[in-house]
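Dear colleague,

I am passing on the structure below, together with notes on what turned up when I went through it. Please read the notes with the structure open beside them.

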Amino acid sequence: AAYPSFLPMSYRSWITSRLVEIDSVLSGFVRGQLMIAVILMALYSIGLSLVGTPLSVLLGLMTGAANLVPYMGLILGLVPSVGLTFLRFHDWQHPVGVLVVFGVIHLLEGNFITPRIMGPRLGLHPIIILLAVLVGGHLFGFLGIILAVPVAAVLKVFWRSFLDFYRAL
């Protein structure tokens, strides 16, 4: 393997193996997020079409893609979907249908889709992910929310390495 020359000889293999692990975890995170976004695009498009929302496919694609940032899809997709549906039907039943679609998909995403896709890729328990997002948001605001899960996954790589080192003593 080609080791960077600036790394100390005694730590090159250890650092390189950690970097390979981090690359694997972060690429799994990105692929998982993209897979979740595509699934949500399809679900929102289908759900909004069933309710009769105008531009349902476009709104579904936008909402699913915006979900790459936590809760951004909910924020960017809900208001225009409810508004356009109300303007088309001029009643309250159809906008309530949009709210039901968003609620059901949000529950599916949080309880089934994301844990099933991201859990195996990152090897992080859902409670750890929740705590990471809460701590990241509290300490660093919106940027902390976005970076919380990848940072937690990288920290897990180093924690596992530390445990291996400790057990070998």
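Leucine 55 sits in the loop that runs between α1 and α2, where helices (H or I, at least four residues) and strands (E, at least two) are DSSP runs numbered from the N terminus. Before going further, please note that this is a predicted model, in which local features need pLDDT of at least 70 and side-chain atom pairs count only at pLDDT 80 or more, while totals for chains, interfaces and linings use all residues. Residues are numbered from 1 along each chain as its sequence is written, and side-chain values use heavy atoms, with hydrogens and water left out.

Leucine 55 has a phi near 55 degrees, a positive value in a residue other than glycine. With a relative accessible area of 54%, leucine 55 is exposed; on this scale buried means under 20% relative accessible area, exposed over 50%, and partly exposed in between, with a 1.4 Å probe and protein chains only. Histidine 90, in the loop between α3 and α4, also is not a glycine and has a positive phi of about 55 degrees. At 58% relative accessibility, histidine 90 counts as exposed.

Histidine 90 is also one of the residues touched by threonine 85, which has its place in helix α3 (residues 72-89). Threonine 85 counts as buried because its relative accessibility is 0%. Not counting residues up to four places away in sequence, threonine 85 touches Val51, Thr53, Pro54, His90, His94, Pro95 and Val98, contact meaning heavy atoms within 4.5 Å. The side chains of threonine 85 and threonine 53 are joined by a polar contact of 2.8 Å. (A polar contact is a pair of N or O atoms within 3.5 Å; within protein, one must be able to donate a hydrogen and the other to accept it, and residues adjacent in sequence count only if both atoms are side-chain atoms.)

Turning to the packing of helices, two packed helices are described by the angle between their axes and the distance between the axes. Helix α2 (residues 56-66) packs with α3 at an angle of about 160 degrees, and their axes are 7 Å apart; axes here are lines fitted to C-alpha atoms, for helices over the stretch in contact, and angles run from 0 to 180 degrees between N-to-C directions. That angle makes α2 roughly antiparallel to α3, since angles under 35 degrees count as roughly parallel, over 145 as roughly antiparallel, 65 to 115 as roughly perpendicular and the rest as oblique. The crossing of α2 and α3 is left-handed, a term used if the near helix is turned anticlockwise from the far one by less than a right angle, with right-handed used if clockwise. From α2, the residues Leu59, Met62, Thr63 and Ala66 meet Met72, Gly73, Leu76, Gly77, Pro80, Ser81 and Leu84 in α3. By class, this contact of α2 with α3 has 7 nonpolar, 4 polar and no charged residues, where Ala, Val, Leu, Ile, Met, Phe, Trp, Tyr, Cys and Pro count as nonpolar, Asp, Glu, Lys and Arg as charged, and the others, Gly among them, as polar.

The axes of helix α1 (residues 12-51) and helix α4 (residues 93-122) come within 10 Å and cross at roughly 160 degrees, which means that α1 is roughly antiparallel to α4. The contact of α1 with α4 has 18 nonpolar, 8 polar and 3 charged residues by class. Methionine 118, which has its place in helix α4, counts as buried at 4% relative accessibility. Leaving aside neighbours within four places in sequence, methionine 118 is in contact with Phe29, Gly32, Gln33, Ile36 and Gly123.

For α1 and α5, the axes come within 10 Å and cross at roughly 145 degrees, and α1 passes α5 in a right-handed crossing. Among the residues that make this contact are Trp14, Arg18 and Phe29 of α1 and Val157, Phe158 and Ser161 of α5. Arginine 18, in helix α1, counts as buried at 13% relative accessibility.

Isoleucine 145 lies in helix α5 (residues 126-168) and is partly exposed, with a relative accessible area of 25%. Its contacts, leaving aside neighbours within four places in sequence, are Pro70, Val133, Gly136 and Gly137.
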